[in-house]
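Here is a short tour to read with the model open beside you.

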Amino acid sequence: MELISHVKTSHKVVALTFDDGPDPRYTPEVLNILKEVSGHATFFMIGEHAEKHPDIVKDVAGAGHEIGNHTYS
């Protein structure tokens with residue numbers, strides 16, 4: 001896996017990030033909104049939450065979003 005620290009572009013862009021997931025109440029809703037607007041984001045997930053909700057982690061990855069580590073606990 002390659003670490004990306006910056007991207008050169010002449011376009012104005014916004015980077016969306018979400019912390020403290022996955023959450024069965026909110027993450028699916030966020031995924032639906034992003035799908036509606038053809039948007040992508042990076043989801044920084046807490047390890048123990050990811051272990052409890054592997055199906056949501058798969059949904060995030062399957063939709064083409066990036067996943068980052070936000071610690072284990």
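S38 is exposed, with a relative accessible area of 65%; here buried means under 20% relative accessible area, exposed over 50%, and partly exposed in between (1.4 Å probe, protein chains only). S38 sits in the loop between helix 1 and strand 2, where helices (H or I, at least four residues) and strands (E, at least two) are DSSP runs, numbered from the N terminus. Although S38 is not a glycine, its phi is positive, about 55°. Most residues other than glycine have a negative phi.

T71 is another case: its phi is positive at about 85°, and it is not a glycine either. You will find T71 in the segment after strand 3, where it counts as partly exposed at 48% relative accessibility.

## A word on the model

This is a predicted model, in which local features need pLDDT of at least 70, side-chain atom pairs count only at pLDDT 80 or more, and totals for chains, interfaces and linings use all residues. Residues are numbered from 1 along each chain as its sequence is written, and side-chain values use heavy atoms, with hydrogens and water left out.

## Helix 1 and its buried face

Which residues of helix 1 are buried? In this helix (residues 27-36), they are T27, V30, L31 and L34. Viewed down the helix axis, these buried residues fall within an arc of 100°, so they line one face of the helix; the arc is that of the directions from the helix axis to the C-beta atoms. In an α-helix there are 3.6 residues a turn, so residues three or four places apart point the same way.

The buried residues of helix 1 pack against strand 1 (17-21), strand 2 (42-45) and helix 3 (54-62). Leaving aside neighbours within four places in sequence, T27 is in contact (heavy atoms within 4.5 Å) with P22, F43, I56 and V60.

## The parallel strands

Strand 1 and strand 2 run parallel, joined by four bridges; two strands pair if DSSP finds at least two bridges between them. From strand 1 the chain passes through helix 1 to strand 2, and this β-α-β crossover is right-handed. That term applies if, with the strands pointing away from the viewer, the path from the first strand over the helix to the second runs clockwise. Strand 2 also pairs with strand 3 (residues 66-69), again in the parallel sense over four bridges.

F43 is a handy landmark in strand 2: F18 stands opposite F43, and in strand 3 its bridge partner is I67.

## Polar and charged pairs

How many salt bridges does a search of the whole structure find? There is one, given a side-chain nitrogen of Lys or Arg within 4 Å of a carboxyl oxygen of Asp or Glu. It links the side chains of R25 and D23 (2.9 Å, N to O). R25 is exposed, with a relative accessible area of 58%, whereas D23 counts as buried at 17%.

E51, in helix 2 (residues 47-52), is exposed, with a relative accessible area of 57%. A polar contact of 2.7 Å joins its side chain to that of Y72. A polar contact is a pair of N or O atoms within 3.5 Å; within protein, one must be able to donate a hydrogen and the other to accept it, and residues adjacent in sequence count only if both atoms are side-chain atoms.
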